[in-house]
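Hi,

Here is the structure I said I would pass on. Have a look at it first, and then read my notes below.

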Amino acid sequence: MPKKFKFFVNGERVEVDAEADMPLLWVLRDKLGVTGPKYGCGVGVCRACTSHLDGEEVQPCVVPVSECQNKKVTTIEGLANGEELHPVQQAWVDADVGQCGFCQPGQIMAAVALLKRTQQPTDADIDAIENMCRCGTYPRMRTAIKAAAAMPPQKPGGGKPTEQPRGNGPKQPAAQQQPQQTTSAPKPSDGQSSGGEEDSGTLLDGIGSAFG
Amino acid sequence: MAEPEPVAQDKSRGLRRRKFLTFLVAAPTLTVAGRFGFDALTEASAVPSLPALGEVSDLGDVIRTASTPTHHLMVLEVTEDTRVRFELPRLEVGQGISTSIAMIVAEELDARLDDVDVTLSDARPELEFNQMTGASANVRVLWEPVRRMAADARARLVQAAANRWGTSTDELTTQDSAVHAPDGRSLSYGELSADAREESAHGEPKAASEYSVVGNPLTRLDARDIVTGKAMYAMDLPVEGALPTVVARPPTINGTVGSVNAAKAKAMPGVVAVTTIPTGVAVSAETFWDAMRAKDALEISWNPGSIGTMSDSDIKSELKKAVQPLAAPKVRDTYLDATFDFAFVNHAPMEVESTVADVRADGTAEVWMPSQTPIYAQQVIAETLDFDLEAVTVHVIRAGGSFGRRLFVDTALEAVRVSQAIGRPVKLMRTRQDDMKHGRMRPRYHHKIRASYTGGEVLSFEHRLAGVAVDLNHGLGEALTATLAQQGQPVGGAGLYYFNFSQAVPYNVGLANQSIQEIQLDIPTASFRSVYSGTVRTAEEIVMDELAERMGKDPLEFRREIVKANSGTTVLSKVAEAADWGKAMPAGHAQGVAYHAEYRSHVACVVDIDATDAANPRVTKAVLAADVGQVINPRGLEAQLMGATMDGIATVLQAGVHIDNGAVRESSYGDYHWTKHRNAPFEVEVHIIPTTWDPGGAGELAIPASAGAVANAYARATGTRPRSFPISF
Ligand code: FES
Ligand code: FES
């Protein structure tokens, strides 16, 4: 029987009626119209769907919606701060990584998660990324990940991301330096939050209060 | 849009010819059509004849020839708000063609890149053979007409400005989408567009020395859309009411539906319809999850597939039987024989096959799909639905990769059938398992090579291969046969044409002879990036290494000695220097080299391999040097060479498809081991030789060179002679 599930998607509170075992991927794509996460296998191996759940990398094709209750889902659409790209996205553009682009939302979300776990990823860390890219953009992804890791912490005050590589290191997220974007960010009431989407805390801007 | 009048028709020659150099389009602003031929013709000049066979040196030339008669149907438009529009009759599959074309337009028009909109054209049957994406021919075909179109548009805008200001055109300059006068006045292209429409001046394309856009590295224009998730693929399109649809498919290749009990499936939540179609049983539902669950609940009995219980070993022995015997005499100690086997390979683009179809009760249909051959798609869809051609609209949507897979329209036919049957729009998607088990494949091949030599010289080189026939019935095949038949070529299979026009031994090896036998086996196949060269030239590059060894020569030096083209010498020398060829390496590590020439382009590749664990080799570095003629976007070219290198690594080391008892064994990327981060070189270096002759093709070029280099490096590192690919299978 369908149940109501409430969670946040890219900072927006959503409510869906779904069977408890419906994978998050199809809730996002078919019920919520969030099409950034791509279907590539449905069994957790291609990782084209990679997104974040409470700041942790997940494959929504194998995460039942019931596990998302009261949590924060971040997809590729929620990574940038308005017009300002997330540093990893910017590094991706700078390295001209994408070819067909289909795997790229998942690749970027995986790279953001990696940089959060490991500030200076080694080649072995990058080798451990399972995301498939059939166009073979791996060398440029490696370059982009290293470039993003090397970006100096973001200076307060914002501005347009342009020629100069800039942005936040994983441990000093932009959001924490931009008060208007962090103060209102709530923690879900289930208490299991990892502290939110550090690298995209800005996404939580505008969420009024925790629910549940 | 006004249809140009056919002036000269010569149906006996198979291609309609039209004399119009440009034609006016009923639009208020400037529109410029492509010119008929490659040369600046005057109205009075005769209809140019197609290049004679002697001038047609390879497949790309054949495709160029086939496309030429409809160049004038491509239109460049300058709008009143200074947008420069070009509907590109090609598919963007990630190769960056949209960016390259925008660059050519911006260059010749002196327009800002930001003002140029290149969109993918719907199927336009009047374009005949000029709406196919394949054979690395896009830039080769479009370069000349597009730059001339843009140069014409620029000339007309300048003329319009000169009229407005009462000056001579000589005084005026163009920059940033505007015409400028010496006194500082300027008019934007938008402001001039309506006037320019009345002009008929022709412009000369720039000399390469004047380029400021073409030849300079540019990040793809859709890079931001890609990284923000805004890039839309067929399944992302918000087509109102389109029902998610999946198809239950047989356990064997081309198995058919026996009986179906859909009662349980129909009762499941969200299910809207269950439809039996020739390839299986389709379930349409509110969400893909609903459709997939219901699909699993269908009770279906399946009839056997098209290859019975055949397995790889059976197919391999069929191929061995079919391959022609080697004819060159075996002279003791002065010949080298080698046989090679290559497994089936699935294209496995990241975006699974998918199509949105809306077949309406009023007898019209609209289809959204990534198609390399949209005209063919429109035709077969119309036939399938029994509709008039004009009643079917095919929108071409960017593809999440292709590699040859989207030459075919199998999935679109399923989608239109279901939509017609249930009277609702559908979005039909294959699951990854569907794509693996029922996808099309690069055929399995068996090769025999004999090279004879004496002293330091190769006297003969004989290469016989047999493969499962490649299905070329997708428009490209027709382009080949029609064009060649028109030129008095004997009528043969498209496959034979394709082979003959794409394959050549690029070295001086005395008497060289390559021939293919294709066996007919009812198994879904398709051209795979680099088509025949993928195995033919890889096998030959392995033999080149072994010949060098027999003769006591360095493999790179040996190639440099006997390579035919000067560009071949150049790329080999460049790659030797850049890769530090011959450097000392620890035990279990080695370098390997290979070279390939095709599409009027040349590439040499050196890889470093770490095979200390022979079962788990890792290519650690790849260096490529390429000469592809005038480069439009070096950044895009580098991406293509790099991507193809990953394919070379996969097909040689670890990725192949098994056929077991009439079925494909692999089901996803979990067991189909395409290159991942852990298999990819840490470093890939691409060196582009600066040349300015007309662009060659480059999208497929690097597969044989990288595959050959990887196989040779593996052989040198392990002291083995790899003969069957992928090595780990
Ligand atoms: S679709 Fe989720 S991992 Fe492949
Ligand atoms: S860019 Fe095409 S699959 Fe990665």
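**Salt bridges, then the interface**

A:Arg47 comes out as partly exposed, with 21% relative accessibility. Keep in mind as you read that this is a predicted model. The partner of A:Arg47 in a salt bridge is A:Glu57, with 3.7 Å between the closest N and O atoms. Since A:Arg47 sits in the loop between H1 and strand E3 (51-53) of chain A, and A:Glu57 in strand E4 (residues 56-58) of chain A, the pair ties together parts 10 residues apart in sequence. A:Glu57 is partly exposed too, at 22% relative accessible area.

Chain A has another pair worth a click: A:Asp123 and A:Lys146, whose side chains form a salt bridge at 2.9 Å, N to O. Here helix H4 of chain A holds A:Asp123 and helix H5 of chain A holds A:Lys146, so the bridge ties together parts 23 residues apart in sequence. Both ends are partly exposed: A:Asp123 at 26% relative accessibility, A:Lys146 at 37%.

Over in chain B, B:Arg398 and B:Asp222 make a salt bridge with their closest N and O atoms 3.1 Å apart. B:Arg398 lies in the loop between strand E17 (392-396) and helix H10 (410-422), and B:Asp222 in the loop between helix H4 (189-196) and helix H5 (223-228), so this one ties together parts of chain B that are 176 residues apart in sequence. Are these two buried or exposed? B:Arg398 is buried, at 13% relative accessible area, and B:Asp222 is buried, also at 13%. Chain B also has a salt-bridge network that links B:Glu351, B:Glu353, B:Arg405, B:Arg406, B:Asp410, B:Arg440 and B:Asp471. Over all chains, the salt bridges number 65.

Now for where the chains meet. The contact involves 54 residues of chain A and 60 residues of chain B. About 4,700 Å² is buried between the two, with 59% of that from carbon and sulfur atoms. Eight salt bridges run between chain A and chain B; one of them joins A:Glu130 to B:Lys676 at 2.7 Å, N to O. There are also 25 residue pairs in polar contact between these chains, both residues being at pLDDT 80 or more. On the side of chain A that touches chain B, H5(A) gives the most, with five residues. By class, that side has 27 nonpolar, 10 polar and 17 charged residues.

As for chain A overall, it has six helices and five strands, and 62% of its 212 residues count as buried.

Cheers

Definitions and conventions. Residues are numbered from 1 along each chain as its sequence is written. Chains are lettered from A and ligands numbered from 1 in the order in which they are written. This is a predicted model: local features need pLDDT of at least 70, side-chain atom pairs count only at pLDDT 80 or more; totals for chains, interfaces and linings use all residues. Side-chain values use heavy atoms; hydrogens and water are left out. Contact means heavy atoms within 4.5 Å. Buried area is the accessible area (1.4 Å probe) that two parts lose on being put together, summed over both. A salt bridge is a side-chain nitrogen of Lys or Arg within 4 Å of a carboxyl oxygen of Asp or Glu. A polar contact is a pair of N or O atoms within 3.5 Å; within protein, one must be able to donate a hydrogen and the other to accept it, and residues adjacent in sequence count only if both atoms are side-chain atoms. Helices (H or I, at least four residues) and strands (E, at least two) are DSSP runs, numbered from the N terminus. Ala, Val, Leu, Ile, Met, Phe, Trp, Tyr, Cys and Pro count as nonpolar, Asp, Glu, Lys and Arg as charged, and the others, Gly among them, as polar. Buried means under 20% relative accessible area, exposed over 50%, partly exposed in between (1.4 Å probe, protein chains only).
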